[in-house]
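Let's take a friendly tour of a protein model. Have a look at it first, then read on.

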Amino acid sequence: MKAIGFFLMLNFIFPSSFIEDVKIERVSENSSLRIQDNYSGRNSSRAFRPVTKYIVLHTTECSSDQSSLNGVRPKGKCNYLVRKDGLVYRIIDKNKISTHAGVSVWDGVYGLNENAIGIEVVGSYLKPITYAQKVALKELIRQLQSIYNLDDTKVVTHSMVAYSKPNKYHSVPVRGRKRCGSQFAGSELRSQLGLSNTFAYDPDMKAGRVKYQADPYLNRLYTGSAAWTKGSSIKVKTEDDHIEADGFREIPKDGKTAWAIAGVENNISTTIYFFPDGRVETGNNLDKSQLESLPTGTKVLVGYIYGGKIKKGRTAYKVVGRKWNYPSTFYRKPDGTILSGDGVSEKEIPSGSIVFFQKWSS
Ligand SMILES: [Zn+2]
């Protein structure tokens, strides 16, 4: 009865197509897994994830449990955090979006925050995780695989799925933005975690969605163990962290021209320019000379759809659909300030705001 009531409640809040993948079954404690609620303040307003295609494994790149918790909890940057002693915290409801993967694609699925559960493991990509973490993580993965019906090939690492959109270092999309969790791609650790597979190649490099592996470390790691496409090792830098954090690039900090800031995507409709005088233009509406002489302070979104103005009868939900309150959606209010879509309510979006949302579907 309890489960039916929960579904009826969700059906009332969301159209039924939204809840296809909401699972009521909980990850539960047993002799291998200790788990506690330690939810982010963002959890209650965070949007549900419509589908669950992957589990993405991360390392916090921090040796302290408390600092790791402070890094992920306030903004809800993972669904689970695995402490060094193996205790697991629930940070964001397993059915909801957590902002763990940033700019990402795996096997043609873009934007893994909106398609995948994120597990952060306290530690570094360079160091072995603790025995207690292995025991707990193995059981956590096992239960999540069972709940969401995911086979071993659906358990991936942040280092595998992260990529950079074209930027001042690379004019095309490339891998190599993150080393996070890279050890979870290796056969020895995978088998210790009960995962039977390794990855023979990068499906997105093979399909040309990303052009090469820009990080020599990851290139060696992957090509050393399996036949991943060999990539460039000429440029290590990929994308600055501040870009990933809020999505906006800025002239001249991230590049002096449109080409430098957005590469091959500089003049298309999904690259959006916010001029200091308040004008907003898409790349396809600017000519070459305008793109080459963008004023200082121009901000740029790459890979976004310009959704137009929100007004009476043209609500955010009508324009954007279920992504209207996702963390990846932005509103530019009439006063010029930017509002994050993360858990936003309709009444917080003033009439006349312009909405921008990521182009990939999930
Ligand atoms: Zn990560």
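Predicted model: local features only at pLDDT ≥ 70, side-chain atom pairs only at ≥ 80, totals over all residues.

## Two domains

The centres of domain 1 and domain 2 are 28 Å apart, taken over C-alpha atoms. Domain 1 covers residues 24-225 and domain 2 covers 245-358; such bounds come from an automatic or database domain assignment.

Residues are numbered from 1 along each chain as its sequence is written, and side-chain values use heavy atoms, leaving out hydrogens and water.

## Where the domains meet

How many residues of domain 1 are in contact with domain 2? There are 16, and they touch 23 residues of domain 2 (contact means heavy atoms within 4.5 Å). Together the domains bury about 1,400 Å², with 51% of it on carbon and sulfur atoms; buried area is the accessible area (1.4 Å probe) that two parts lose on being put together, summed over both.

Between the domains there are 3 salt bridges (a side-chain nitrogen of Lys or Arg within 4 Å of a carboxyl oxygen of Asp or Glu). Lys 323 forms a salt bridge with Glu 114, with 3.6 Å between the closest N and O atoms.

## The zinc site

Now meet the zinc ion: His 58 (ND1), His 158 (ND1) and Cys 180 (SG) coordinate it at 2.0 to 2.3 Å. Donors are N, O and S atoms within 2.8 Å of the metal (3.2 Å for Na, K and Ca); water is not among the atoms, so sites may look incomplete. Along the chain, the zinc donors follow the spacing H-x99-H-x21-C.
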